[in-house]
Amino acid sequence: MRADELIEGKIKEVLKSNKATYEDLSEVRLRMGLNENFLVDKFFSHTILIEAAQGVDVRRYPETKGGRALEAISQELGIWEDELIVGNGSDEILDLVSKVFVGRGEALVVDPTFEMYKFYVGLSGGSVRNVLTDEDFEISADKVLSAVNERTKVIFICSPNNPTGRQYQRDEVLRVVEEFEGIVVLDEAYVDFAPYSLTLEAPRYPNLLVLRTFSKAYGLAGLRIGYGVGDRDLVKWLRSAQSPFSVNSVAQEACRLVLKNRRVYEAFIKMVVEEREYLMAELEMVNGIKAYPSSANFILVRLIDPAKPSSEVCRSLREEGIEVRDRGGLPLLENCLRVTVGRREDNLKFIEALKKVLGDE
Ligand SMILES: Cc1ncc(COP(=O)(O)O)c(C=O)c1O
């Protein structure tokens, strides 16, 4: 029997639609497409990495379930260890939630958003329905709750939302949590750049799981480490499904060091926020586009001229050596692209290239 004959039809469709295998970016001069954070100082980051590597014996398996990082995060947040799960990136936790809580059931996704929710749910054999934000990318609890049916097991809400940059109203999110009988996954991957977080409140609710990552604010995307905070029982089930050594020892140690140096990272975060506002102001001066205010480390940009579709503009920017993400295929995002906030010189190069591509020189 051939390999593909062994794959169930529904799962095969999910695998075929997987666009998550990113293109080769080796030719790209400026990476502004994956919301990585190059405002974290490269040399500081190296120092952390070297110290982390010196602090572990890689001949040994790592501490199980990210134990070393777990302890550091627990102390930092003032949250009990059994209210925490550490993963190989927050992606791993999304995968676990889909397997454990959605299974062959249904999940509701607030769209337009991060595409991996659909992927992991689909891979577990489940199905996804979506509920759209309004045109301003805001949500109301009423609208989200009215989209729930008896099959809905999990609602995925990303806030600040990727790719709109919108952080939803705290009261609306909490009302969804309070009134929905299943689990709400609140993905706060970008919350370090935003006004408020619900992370510390998560353990108070039996059905809220807040996800965080070290990939964005802390610039550890290459090490793969993230965490979830929630009710003990909810977390216990997720941890039971996790493979024991999924978080490597260098990542665990680096996480500990990063938290120890939190003040330094707060300065990097402040720089991202300042650069975001600078980039926003520059974008507002470019003709033929609309830039949406953001609470994250990226900005969503809509191209007004239908003769210049986002796919083409992204391709032309790529020819200029700049990678941004075409989001034009997502609901409500016709002709939109997403650009990651870079260092001042990167932002200037991007603006210059965008003006050139749009003929606004
Ligand atoms: C909204 C959102 N959640 C989760 C992730 C995954 O983060 P991690 O690197 O921790 O797996 C990303 C990465 O881009 C993201 O945008």
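This is a predicted model: local features need pLDDT of at least 70, side-chain atom pairs count only at pLDDT 80 or more; totals for chains, interfaces and linings use all residues.
Where is L6 found? L6 sits in the segment before α1, the helix that spans residues 9–16.

1. **A nonpolar patch around L6.** L6 is exposed, because its relative accessible area is 62% and the cut-off for that word is over 50%. L6 also belongs to a nonpolar patch on the surface, together with M1, I7, L15 and L123. The accessible area of these residues together is about 510 Å².

2. **The seven-stranded sheet.** Have a look next at the open sheet formed by seven strands. Their order is β2-β8-β7-β6-β5-β3-β4, and the pairing is mixed. At the edges stand β2 (84–87) and β4 (127–132); each has a single partner strand, so one side of each is left without a neighbour in the sheet. From one strand to the next, the twist averages 20°.

3. **Inside that sheet: β5 and β6.** Strand β5 covers residues 152–158 and strand β6 covers residues 183–187. The two pair in the parallel sense, over five bridges.

4. G87 has G226 as its bridge partner in β8. Which way do the residues of β2 point? L84 and V86 point one way, while I85 and G87 point the other way. L84, V86, I85 and G87 are all buried.

5. Helix α3 (residues 67–77) holds S74. Is S74 buried or exposed? S74 is buried: its relative accessible area is 10%, and the limit for buried is under 20%. Leaving aside residues up to four places away in sequence, S74 touches I79, W80, E81 and L84. L84 is one of the β2 residues from the previous point.

6. **Helix α5, mostly covered.** How many of the eight residues of α5 are buried? In this helix, which runs over residues 116–123, six of the eight are. They are M116, Y117, F119, Y120, V121 and G122. The buried residues of α5 pack against the helices α1 and α4 (89–102). They also pack against strands β3 (106–111), β4, β5 and β6. After α5 comes G125, with a positive phi near 90°.

7. **Two cis peptide bonds.** One of them joins D111 and P112, with omega at about 0°. P112 lies in the loop between β3 and α5. Another joins N162 and P163, and there omega is about 15°. P163 has its place in the loop between β5 and α7 (170–179).

8. **The four-stranded sheet.** Four strands, in the order β9-β10-β13-β12, form an open sheet with antiparallel pairing. Its edges are β9 (289–292) and β12 (325–326); each has a single partner strand, so one side of each has no neighbour in the sheet. β9 pairs with strand β10 (residues 298–303) in the antiparallel sense over four bridges. I289 has L303 as its bridge partner in β10. Across β9, β10 and β13 (336–340) lies helix α10 (residues 262–284), which runs at about 10° to β10.

9. **Two backbone angles worth a look.** N35 has a positive phi of about 55°, although it is not a glycine. You will find N35 in the loop between β1 (30–31) and α2 (42–54). N35 counts as buried, at 1% relative accessibility. L332 is not a glycine either, and its phi is positive at about 70°. L332 is placed in the loop between β12 and β13. With a relative accessible area of 26%, L332 is partly exposed.

Note on methods:
Residues are numbered from 1 along each chain as its sequence is written. Side-chain values use heavy atoms; hydrogens and water are left out. Two strands pair if DSSP finds at least two bridges between them. Axes are lines fitted to C-alpha atoms, for helices over the stretch in contact, and angles run from 0 to 180 degrees between N-to-C directions. Patches are made of residues with over 30% relative accessible area and no salt bridge: like charges are joined within 9 Å, nonpolar side chains (Val, Leu, Ile, Met, Phe, Trp, Tyr) within 5 Å. Accessible areas come from the Shrake-Rupley method with a 1.4 Å probe; for residues, only the protein chains shown count as cover. A salt bridge is a side-chain nitrogen of Lys or Arg within 4 Å of a carboxyl oxygen of Asp or Glu. Buried means under 20% relative accessible area, exposed over 50%, partly exposed in between (1.4 Å probe, protein chains only). Contact means heavy atoms within 4.5 Å.
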